[in-house]
Amino acid sequence: MPYGYGFYWDPTYMLVVIGAVICMIASARVRTTYSKYERYQSMSGMTGAQAAEQILRAAGIYDVQICHVSGRLTDHYDPRNKTLNLSDAVYASRSVAAIGVAAHECGHAIQHDVNYVPLSLRSAIVPVANIGSTLAWPLILIGLLFSSRTGSLFIELGIIAFSFAVLFQLVTLPVEFNASHRALVMLKDMHILNESELPKTRKVLRAAALTYVASAAAAILQMLRLIILFGGRNDRD
């Protein structure tokens with residue numbers, strides 16, 4: 001079979017390895033950074049849940065429910081049912097790290113409330129990105145069974161499908177950075193954290209943001225691998 005890419009080791013696997021290493025480093029950094037700053041209790045004495053409630057009320061948001069979910073750093077805002085979900089490490093914690101994470105999720109709720117364009121775009125891309133990431137390799141593998149233009153068409157469709165997953169990762173970046181910016185502004189303006197506490201929270205949010213940068217980089221590297229492997233197939237047919 002002349003096109004056996006993906007079934008054995010080839011040099012482009014290094015791109016996948018590099019992406020995986022970047023993601024592991026970013027994940028380890030956010031864990032260590034959070035662990036470091038969760039030891040610092042906020043001077044306000046607020047828990048993550050209490051800080052979230054105050055921020056939402058100050059933003060004029062009353063239809064978002066604050067929920068306690070299991071896990072560590074599984075915090076997220078769900079726009080489908082307007083729930084702000086805080087993890088075990090955040091909900092009842094009074095640390096500057098927990099308050100920062102809770103405020104970040106409030107940032108997403110505020111984005112949703114004001115129809116922040118990148119968030120709306122990301123929500124619209126989600127179904128296509130999920131389908132694209134699922135179908136990309138099956139389409140490519142089907143294409144490898146043919147040596148004609150038909151095979152090339154399937155491969156091109158597979159690469160296009162995967163590109164939607166990459167686009168999702170890229171659109172996520174401004175959404176996450178903006179949520180963190182909103183969080184820090186609210187925490188400062190509402191005096192939930194003082195001037196000495198804000199830099200600690202900023203470091204936690206910055207470390208968390210880098211995980212999204214790492215995911216985007218890994219997706220781009222995977223996309224590059226697909227293009228290197230199969231992008232010139234038409235020339236070889």
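This is a predicted model: local features need pLDDT of at least 70, side-chain atom pairs count only at pLDDT 80 or more; totals for chains, interfaces and linings use all residues.

Biologist: What is the overall make-up of the protein chain, in helices and strands?

Modeller: The secondary structure comes to seven helices and three strands. Along the sequence they follow the pattern α-α-β-β-β-α-α-α-α-α. The C-alpha atoms fill a box of roughly 70 × 35 × 25 Å along the principal axes. Of the 237 residues, 44% count as buried. Among contacts between residues at least 6 apart in sequence, 73% join residues at least 24 apart.

Biologist: Why is the pair of Trp137 and Phe230 called edge-to-face?

Modeller: Two values decide it. Rings pair if their centres lie within 6.5 Å, and planes over 60 degrees apart count as edge-to-face. The ring centres of Trp137 and Phe230 are 6.1 Å apart and the planes stand at 80 degrees, so the pair is edge-to-face. Trp137 is in helix α4 (residues 117-144) and Phe230 in helix α6 (residues 198-230), so the pair links parts of the chain that are 93 residues apart. It is one of three aromatic pairs in the structure.

Biologist: What makes the pair of Phe146 and Phe154 stacked or edge-to-face?

Modeller: The plane angle. Planes under 30 degrees apart count as stacked. For Phe146 and Phe154 the planes are at 10 degrees and the centres 6.4 Å apart, so the pair is stacked.

Biologist: How do you know whether Trp137 and Phe230 are buried, partly exposed or exposed?

Modeller: Buried means under 20% relative accessible area and exposed means over 50%, with partly exposed in between. Phe230 has 4%, so Phe230 is buried. Trp137 has 24%, so Trp137 counts as partly exposed.

Biologist: And which label do Phe146 and Phe154 get on that scale?

Modeller: Phe146 has a relative accessible area of 36% and is therefore partly exposed. Phe154, with 26%, is partly exposed as well.

Biologist: How do α2 and α3 pack, and what is the handedness of the crossing?

Modeller: Helix α2 (residues 48-58) and helix α3 (residues 96-113) pack at an angle of about 35 degrees, with axes 8 Å apart. The crossing is right-handed. On the α2 side the contact is made by Gly48, Ala51, Ala52, Ile55 and Leu56. The α3 side supplies Ala98, Ile99, Ala102, Ala103, Cys106, Ala109 and Ile110.

Biologist: Which classes of residue make that contact?

Modeller: Eleven residues are nonpolar, one is polar and none is charged.

Biologist: Where is Glu53, and why is Glu53 called buried, partly exposed or exposed?

Modeller: Glu53 is in helix α2. Its relative accessibility is 40%, so Glu53 counts as partly exposed. Glu53 and Ala102 are 49 residues apart in sequence and 9.4 Å apart in space, C-alpha to C-alpha.

Biologist: What makes Thr47 buried or exposed?

Modeller: Thr47 has 8% relative accessibility against the limit of 20%, so Thr47 counts as buried. Thr47 lies in the loop between α1 (13-37) and α2. Leaving out residues up to four places away in sequence, Thr47 touches Tyr91, Ala92, Ser93, Arg94 and Ile99.

Biologist: Why remark on phi of Leu73 and of His191?

Modeller: Most residues other than glycine have a negative phi. Phi of Leu73 is near 60 degrees, a positive value, and phi of His191 is also near 60 degrees. Leu73 lies in the loop between β1 and β2 (76-78), and His191 in the loop between α5 (149-189) and α6.

Biologist: How are Leu73 and His191 labelled by accessibility?

Modeller: Leu73 has 29% and is therefore partly exposed. His191 has 67%, over the 50% limit, so His191 counts as exposed.

Technical notes. Residues are numbered from 1 along each chain as its sequence is written. Side-chain values use heavy atoms; hydrogens and water are left out. Axes are lines fitted to C-alpha atoms, for helices over the stretch in contact, and angles run from 0 to 180 degrees between N-to-C directions. Helices (H or I, at least four residues) and strands (E, at least two) are DSSP runs, numbered from the N terminus. A crossing is left-handed if the near helix is turned anticlockwise from the far one by less than a right angle, and right-handed if clockwise. Contact means heavy atoms within 4.5 Å. Ala, Val, Leu, Ile, Met, Phe, Trp, Tyr, Cys and Pro count as nonpolar, Asp, Glu, Lys and Arg as charged, and the others, Gly among them, as polar. Rings of Phe, Tyr and Trp (its six-membered ring) pair if their centres lie within 6.5 Å; planes under 30 degrees apart count as stacked, over 60 as edge-to-face and the rest as tilted. Buried means under 20% relative accessible area, exposed over 50%, partly exposed in between (1.4 Å probe, protein chains only).
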